[in-house]
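Please look over the sequence and the three-dimensional model shown here before reading on.

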Amino acid sequence: MLADARTLCPHLKVAISDPAGDLDFLERLAIWAQRWGPWSALDPPDGLLVDISAASHLFGGERALLTDLQQRFKARGLAVRTAIAPTAGAAWGLAHYGPCDGRGGAILAAQDDARAMLADLPMAALRLDDDVLTVLRRLGLKRLGDMDGIGRDAIMRRFRNRRSPAANPLIRMDQLLGGVPEPLLPVVPTHMPMVQRRLVEPIRHRDLLDQVLRDLSQDMARTLEGRGEGARRLELGLWRVDGEVVVRRLEMAAATREADHICRLFAARLDDVDAGFGIETVRLRVSWAEGLSLEQGDLDKAAEEHGTSLAACIDRLTVRLGTDAVRRPVPHASHIPERAQRWQPPLAPESPSQGQLAFHARPLKMLERAEAIAVLYATPDGFPRQFRWRGQVHEVCRVEGPERIAPEWWREKSTVRLRDYYRIEDQEGRRYWIYRHGIIGDGRGGVPDWYLQGLCA
Amino acid sequence: MKNPAETTSNHHALARLCSSLPGDFTHLSALSPDQGTDADRVARQWRPGSAGALHSEIFACGNEAAGAGMALSLALDAMRAAARDRSGPAAAAPSDDQRAILWVQERAAAKRGGYPYRPGMPPDLQRRVIHVLAEKPKDALFALEEGVRCRDLAFVVGEIVGNPQVLDFTASRRLSLAAEHHGVPLWLVRIDASRDLSSARMRWDARSVPSPRPRWNRDAPGTPGWHANLFRARTHPPAEWIMRDDGYRLDVEPPERQHTGAGAGQVSGPGCGPADPVDLVRAAGD
């Protein structure tokens with residue numbers, strides 16, 4: 001094709017099409033164009049939309065803004081057609097198909113009658129697809145004003161299946177007149193993280209380069225952490241004294257910002273770098289970053305080193321053993337020894353209680369249920385002399401008591417017997433807390449039983 | 001060859017050094033080549049306040065509370081010693097340390113020896129006890145290990161019955177390492193257990209002994225005492241004592257002197273201080 005064309009026209013100039021480069025240029029132009037308004041949007045392949053709402057007075061009015069814009073584009077060697085309108089659709093139509101006067105571009109003010117002013121624009125000003133334009137042309141609709149002549153219902157019926165705005169002239173017309181909203185996708189500049197080191201003395205040795213790379217990786221890790229991102233692709237540029245640039249690229253399977261990991265990966269890529277007369281600048285740049293949220297440090301590791309807090313310890317215990325297994329003994333207002341202690345969650349605040357009477361000697365440990373023992377004693381209420389507990393005979397050598405603890409009549413039946421507690425020590429020095437349940441002749445049963453309830457230290 | 005006298009003097013110096021250094025340096029004395037002379041042995045002997053081991057085992061019978069009582073006394077003694085080290089000999093009261101203590105009981109241990117009873121505990125510990133009731137020895141070991149890993153605990157007491165299979169040398173070594181790494185003492189009471197393999201740094205045998213007669217009621221049980229047999233220790237030679245905790249300090253005395261004193265009873269009179277250790281203020285009023 002190109003050969004044929006050159007045969008026909010030998011002095012044909014050929015420029016290779018570069019759509020991606022054009023888009024890239026347009027993106028940068030859109031960001032530059034944000035000097036006239038806070039938001040700008042791309043209109044590929046060759047258009048830009050800038051929202052200058054409430055910003056034109058900064059340039060001395062809309063006309064002055066357009067003049068400024070024309071001058072700046074001209075200074076960059078770009079030819080532009082511009083227009084200002086209340087809606088993006090109207091501005092697009094005016095810029096593409098509007099009158100081209102010498103003053104820089106058409107301005108459609110908000111109070112103007114847009115329908116009347118834009119009636120002369122061709123149908124193509126509606127940003128429609130080509131096949132739709134063909135249909136419209138065949139229908140005899142050539143200018144925007146023509147659509148006023150036929151009823152809206154007729155057009156709606158004709159294009160009832162077309163949902164896309166670019167295929168439905170009614171939607172486009174509404175957008176142009178501001179009847180329906182048309183959201184724009186603004187261009188937001190993102191700066192890729194980059195760190196670099198300029199070296200006073202050009203380096204020629206690998207270990208120095210490794211040191212520089214380590215520093216750069218740590219800087220980069222810090223930068224990425226501040227942005228909450230991780231690198232997918234990294235570029236390491238090495239500027240040599242003689243102007244040569246060596247670039248090494250690295251692509252990771254998953255976003256990362258571990259300095260050690262980056263260093264390790266680059267180390268293999270730096271083996272064949274020719275330092276020449278020395279490297280004077282090293283630059284590390286992330287060309288592709290992905291979000292990588294900050295992570296909780298390793299809890300277990302911290303606990304391994306510094307120990308867990310009490311709350312964490314309790315949590316671990318309760319999760320495995322159940323909430324009933326981890327408890328704290330708290331006093332309870334009762335005379336009955338086994339009722340005088342209650343259990344509550346370990347970290348719950350302790351309710352105030354009456355202090356313990358110091359002359360009440362209590363055992364260190366209490367059996368879950370007082371165990372019945374057979375006791376030799378002088379009836380009716382003498383000291384215990386000997387008792388048998390768990391198949392073992394204990395001679396009582398020392399005894400103190402009795403400490404009489406009456407039943408709590410306000411909550412127990414009247415037949416409950418009192419208890420006479422004795423603190424005893426047997427021949428081997430083992431200390432126990434035993435009681436006689438009732439006394440003979442109290443009318444609440446026969447011969448009283450003996451129980452062993454507590455083990456003293 | 002070295003001069004034997006020089007070796008001995010070096011050894012004395014080492015023993016002095018070790019007794020004056022806290023913590024990890026004490027195990028240096030365990031590396032000493034020989035048992036040395038009697039004086040050396042005495043210098044290395046355990047005494048109250050010289051608590052260095054962070055993992056101790058106390059073997060006791062399940063029909064008495066001697067094991068738990070001695071464990072609490074030893075732990076309190078260690079805490080007093082630590083407080084003395086921290087703030088000088090004047091302030092020996094451990095009251096500034098209000099960290100909780102963890103008392104882990106296996107279900108079988110609670111069934112056999114009862115559960116902790118707050119009114120009977122040492123007053124310093126009454127508000128601080130957190131009790132863990134584990135169904136199985138495995139759970140108890142888990143709770144013990146979690147306990148020694150917690151920096152907010154003053155010490156951990158465990159009670160395990162018998163020689164369960166899970167409490168083997170590896171498990172006890174695990175406990176020792178965790179306790180020493182985090183600096184939380186562990187007192188493991190082994191109820192009705194045989195002396196199996198263990199990595200506990202100090203291993204005691206505890207049983208009750210008859211108490212001295214109190215001053216005011218000579219027929220009543222007195223200050224609790226235990227016959228403590230340190231049969232295995234890394235840094236101290238094995239020895240036996242009679243220990244008594246009067247609530248303020250841990251008194252120890254050699255066992256043979258005790259037998260004559262406690263058996264007869266008439267030795268302690270109104271003038272004898274140590275044989276009559278009941279605190280008058282506490283006994284008299286509320």
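Chain A holds 13 helices and 16 strands, where helices (H or I, at least four residues) and strands (E, at least two) are DSSP runs, numbered from the N terminus. This is a predicted model, in which local features need pLDDT of at least 70 and side-chain atom pairs count only at pLDDT 80 or more, while totals for chains, interfaces and linings use all residues. Residues are numbered from 1 along each chain as its sequence is written, and chains are lettered from A and ligands numbered from 1 in the order in which they are written. Of the 457 residues in chain A, 27% are buried; a residue is buried if 20 or more other C-beta atoms lie within 10 Å of its own, exposed if 12 or fewer, and partly exposed in between, with C-beta atoms placed from the backbone. Among the contacts in chain A with a separation of 6 or more, 51% join residues 24 or more positions apart, two residues being in contact if their C-beta atoms, placed from the backbone, lie within 7 Å.

Within chain A, four strands make up an open antiparallel sheet in the order β5-β8-β6-β7, and two strands pair if DSSP finds at least two bridges between them. Because β5 (194-203) and β7 (245-256) of chain A stand at the edges with a single partner strand each, one side of each is left without a neighbour in the sheet. From one strand to the next the twist averages 15 degrees. Six bridges join β5(A) to strand β8 (residues 279-291) of chain A in the antiparallel sense, and Arg198(A) has Thr281(A) as its bridge partner in β8(A). Helix α10 (residues 206-227) of chain A lies across β5, β6 (229-240) and β8 of chain A, running at about 160 degrees to β5(A); axes are lines fitted to C-alpha atoms, for helices over the stretch in contact, and angles run from 0 to 180 degrees between N-to-C directions. Helix α11 (residues 259-269) of chain A also packs on the sheet, where it touches β6 and β7 of chain A, and its direction makes about 140 degrees with that of β7(A).

Turning to the two chains together, their contact takes 50 residues from chain A and 48 residues from chain B. On the side of chain A that touches chain B, the largest share, six residues, comes from α13(A). Strand β11(A) and strand β3 (residues 115-116) of chain B pair in the antiparallel sense over two bridges, with Lys365(A) opposite Pro116(B) in β3(B).

Leaving aside neighbours within four places in sequence, Val157(B) touches residues including Ala68(B), Leu72(B), Trp103(B) and Val189(B).

As for confidence, the mean pLDDT of chain B is 78, and 73% of its residues reach 70 or more, pLDDT being the predictor's confidence in each residue, from 0 to 100. Over residues 1-35 of chain B the pLDDT is below 50, and this stretch has 29 contacts in the model beyond near neighbours in sequence. For the complex, the predictor gives an ipTM of 0.76 and a pTM of 0.58.
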